Amino acid sequence: MWIDSNTYIGHWPFRQVRNSTCKDLVERMDANGISASVLTNINGIFYKDTQAANRETYDEIKTNRKWADRLIPFAVINPVYSGWKADLKESTSKLGMKGVRIFPKYHRYNLDHPACIELVKMCRDMGIPVGLTLRMVDSRPSSWLDISNEWRLSDIMPIVKAVPDAKFMVLNVAGSTHLEKEDLPLIKKTDLFLDTSGRNIIDLGGLMETFGKEKFGFGTHSPILDYKTGALRIASLREDEADAKTREDLQSGNIKRFLGL
């Protein structure tokens, strides 16, 4: 069984993205033997009112009853936008969202912003995870209208330190995974999940040894990235790095436990 922890629907405004609907995603899942996918609507990054994108996701999923069993939607919430608390309530209580994604660099606030901390605390109290994406697209060939700075793993520490008992998803780890020596114990203790899509997950075995094998799982970051690399990183692990149970956990077990599926 495979569960993809990091997929998107919607449109990227700076380049054409194909296969960007729920129908496209399910067809891709069927072709690759994927049982379920966590998904986020890219449009929520760029709409001034992110809730419009969350409603789009809900409306698209409900067009096919079978999709509800396979698609796990996360809401995009902007905590510096008026009405975000109502958006969070609607998303979780009415729209069936299973987690929250935040995009501070695009929505122009820092992780230590009081409203961001309040949002993460509310998610903690609700028992739902908060997803942070270290890179949406590679800034080097991106449009001049897009942002150019990206996160390293160490850049998420302000919110982890502010709410250490929250649940965090850290996705597309493309930048440095180096942490200060004093930060590593906190990361290992935190209920944190990292997907396998990012460029700097190339040494998955070494990262599992450093952070804990229970913190990793399959993710593609599709359709922005390809659909194969995240799975190949698991397949390429040596026998001394991952036994059959560890591979099963990387494919689906860890994300099932993390999300309570």
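This is a predicted model: local features need pLDDT of at least 70, side-chain atom pairs count only at pLDDT 80 or more; totals for chains, interfaces and linings use all residues.
**Notebook: a sheet and its surroundings**

**Entry 1**

Strands here are DSSP runs of E with at least two residues, helices are runs of H or I with at least four residues, and both are numbered from the N terminus. Strands of a sheet pair through backbone hydrogen bonds, either parallel or antiparallel.

For strand β7 (residues 191-195) I noted that four of its five residues are buried, so the strand is largely enclosed by the rest of the structure. Buried means under 20% relative accessible area, exposed means over 50%, and partly exposed lies in between, with a 1.4 Å probe and protein chains only.

**Entry 2: Met169**

Which residue of β7 stands opposite Met169? I found Phe193 there. Met169 belongs to strand β6 and is buried, with a relative accessible area of 1%. Leaving aside neighbours within four places in sequence, I listed the residues in contact with Met169, among them Ser5, Phe74, Val130, Phe193 and Phe258; contact means heavy atoms within 4.5 Å. I also checked Trp12, which is 157 residues from Met169 in sequence and 22 Å away in space, C-alpha to C-alpha.

**Entry 3: the whole sheet**

I then followed the sheet across and recorded an open sheet of eight strands in the order β1-β2-β3-β4-β5-β6-β7-β8, with parallel pairing. At its edges stand β1 (3-9) and β8, each with a single partner strand, so one side of each is left without a neighbour in the sheet.

**Entry 4: backbone exceptions**

Most residues other than glycine have a negative phi, and most peptide bonds are trans. I looked for exceptions and found that Asn172 has a positive phi near 50 degrees, in the loop between β6 and α8 (184-189). Is Asn172 buried or exposed? At 3% relative accessibility, Asn172 counts as buried.

Arg108 also has a positive phi, near 65 degrees, and is found in the loop between α5 (104-107) and α6 (114-126). Arg108 is exposed, with a relative accessible area of 78%.

A cis peptide bond joins Ser222 and Pro223, with omega about 5 degrees, and I placed Pro223 in the loop between β8 (216-217) and α10 (229-235).

**Entry 5: the protein as a whole**

Finally I stepped back and counted 11 helices and eight strands in the protein, of whose 261 residues 54% are buried. Along its principal axes the C-alpha trace spans about 50 × 45 × 40 Å. Among contacts with a separation of 6 or more, residues 24 or more positions apart account for 75%.

Notes:
Residues are numbered from 1 along each chain as its sequence is written. Side-chain values use heavy atoms; hydrogens and water are left out. Two strands pair if DSSP finds at least two bridges between them.
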